[in-house]
Amino acid sequence: MKTLKQINILIVLALVFSLLIFNSCSKERIEPNEEEEELNEYNTMNDYFDAKKQEEQEFVIDTSGTDPIIGNQGTKVWPAKEKLMFANGDSVQWPYTVNLIELYTPKDMIYYQMPTIASGELLTTGGEIRLRAFKDGQELVLRPGKTWTVEMPNTVPISNMEIYYGVENTTYVDWEANPVGLFTTTAYGYLGNIAQLGWAACGKDAGNTATTTNYTFVSTTDNLQNLSIFIYFSNLESLMQVYDLTSGDIPIGEDIKIILMGVDSSDNLFYYFSNTQVNSSNQVNVALTAISDTDLTVILDGL
Amino acid sequence: MYKIKNLSIVTLILILSVNLYSQKKWGLGISAIYNLQTESFGAGLRAEIPMNRFSLVPQIAYYPAFNKIHEYYAGISLHFNMFNIKNFTVYAIGHASYNGWLNYSSSAIEGASSANIDGEGGIGITTRACFRPFLEYRYNVKWRETNLRLGLMYFFNCKKGKKKSAGRKRKGRAIRCPAYN
């Protein structure tokens, strides 16, 4: 009996001793990776985008005529002096200038950071333009109820496209179909009457009815804070920009192309690209790799 | 789906093993678990089949997603009753289990995997009644983590302890035999 008791005490001692030895406990599973503290840092892509984006074209209008001015991407504009005025209502005399920016491809929209989102909803886009008029350095506006006719090129125009106007806020340009106007389809593309100068887009609600999710972008290797992040919906022909690392509502099951871009302190380009489908998970773990300007341009051309 | 299947298999084994011993004393219990290193709370379900001083204890444990570590365990323990102190029994624990680590991808551990085999050693204390609260302190050799388990077992086919005085109780004072007055 005494021996059994001694054995038990020995077992307890052995157990306690082995627990003490083994008890070099570890928090390894919940500790952040040391590399996380040395994430790759990036600058914004603003300078790169500015160097690549479509130039604003300037047309001097010094006489009346019936022919349109035509932008280098094919946008036709029929300017009319009598429909213009200064902000205080004064009439405009010749010459005056018309400024035009044309964005017809996802690449050009990315360079200009002009996604096609209207109050959080995806828009199928037929292109975006910025049309402005100036006289002696002052920006002109259209007289109330007056319009300028524009025609936007498209080889396969879609019916029922609406005229959207860009409303600038501190972060981005939102799109509003106000005042309401429709584009008609022509052999050339889309023909519409624009009631406001500034940003205008040809688009319509992408009509998504699928359940949506939101993607949050994370990385164990890169600081994503300054990156430019875009999601292109290839079937819907719609572009979303991601702000603060979390996307807007994106429809589950939709084909998407995700691209993240950044530039390091030595002006080397870095990117992450994924051609995938939206799934219900809400986190996208990314790691950026270096890329040349040429190769990045090829990717953006292929969106 | 694969993970749910694993858990289902272990639960089935747990129930079957209990059925095999349905005529003998066996226990079923639940526990609350706290992992001191991952600061995670979990819940456990176990059966216990006593065999002399040993017990076989198939069990599952689940740490929900609100924890830093989201995982489950399915395995079996061997308990060895070492000694009794008054109404308590102190036992040693040896344990082997399959560990499904569900959020392993967010871990910084190189080569972290969803499927792991773990071993644990520990010590526990319980009572010897039909309802047995128990407290265990266990060390996970693979993860080098300790956990505390506080639970309650109920033993079926359990014979309650014999009363100290069997038969009819005497009431009142003892009657003196007149012969000795």
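Predicted model: local features only at pLDDT ≥ 70, side-chain atom pairs only at ≥ 80, totals over all residues.
In the interface, 18 residues of chain A are in contact with 28 residues of chain B. The two chains bury about 2000 Å² between them, and 62% of this area lies on carbon and sulfur atoms. The count of salt bridges between chain A and chain B is 3. A salt bridge joins B:E39 to A:K27, with the closest N and O atoms 3.0 Å apart.

Within chain B, strand β8 (residues 145-156) pairs with strand β1 and with strand β7. The pairing of β8(B) with β1 (residues 26-35) is antiparallel and extends over 10 bridges. In this pairing, B:W26 has B:F156 of β8(B) as its bridge partner. Strand β7 (residues 131-140) of chain B also runs antiparallel to β8(B), and 10 bridges join these two strands. Here B:R132 stands opposite B:M153 of β8(B). Strands β7(B) and β8(B) form a hairpin with 4 residues between the strands. In this hairpin, B:R144 takes a positive phi near 55°.

A nonpolar patch on the surface is formed by B:L28, B:I30, B:L45, B:F131, B:L152, B:Y154 and B:F156. Together these residues have about 600 Å² of accessible area. Strands β1 and β8 of chain B are the elements that give two or more residues to the patch, and the largest share, 3 residues, comes from β8(B). One of the patch residues, B:L152, is found in strand β8 of chain B. B:L152 has a relative accessible area of 40% and is therefore classed as partly exposed, the range for that class lying between 20% and 50%. B:F156, the bridge partner of B:W26, is also among the residues of the patch.

Strand β2 of chain B spans residues 40-51 and includes B:G42. The relative accessible area of B:G42 is 14%, so this residue counts as buried, the limit for that class being under 20%. Leaving aside residues up to four places away in sequence, B:G42 touches B:S31, B:A32 and B:I33, as well as B:Y62, B:Y63 and B:P64. B:G42 and B:N67 are separated by 25 residues in sequence, while their C-alpha atoms are 8.7 Å apart in space.

Terms used:
Residues numbered from 1 in each chain as written. Chains lettered and ligands numbered in written order. Heavy atoms only, no water. Buried < 20%, exposed > 50% of the residue type's maximum accessible area, 1.4 Å probe, protein only. Contact = heavy atoms within 4.5 Å. Pairing = 2+ DSSP bridges. Patch = residues over 30% accessible without salt bridge, like charges linked within 9 Å, V, L, I, M, F, W, Y side chains within 5 Å. Areas by Shrake-Rupley, 256 points an atom, 1.4 Å probe, with all protein chains shown as cover. Salt bridge = Lys/Arg side-chain N within 4 Å of Asp/Glu carboxyl O. Buried area = accessible area lost by both parts, 1.4 Å probe.
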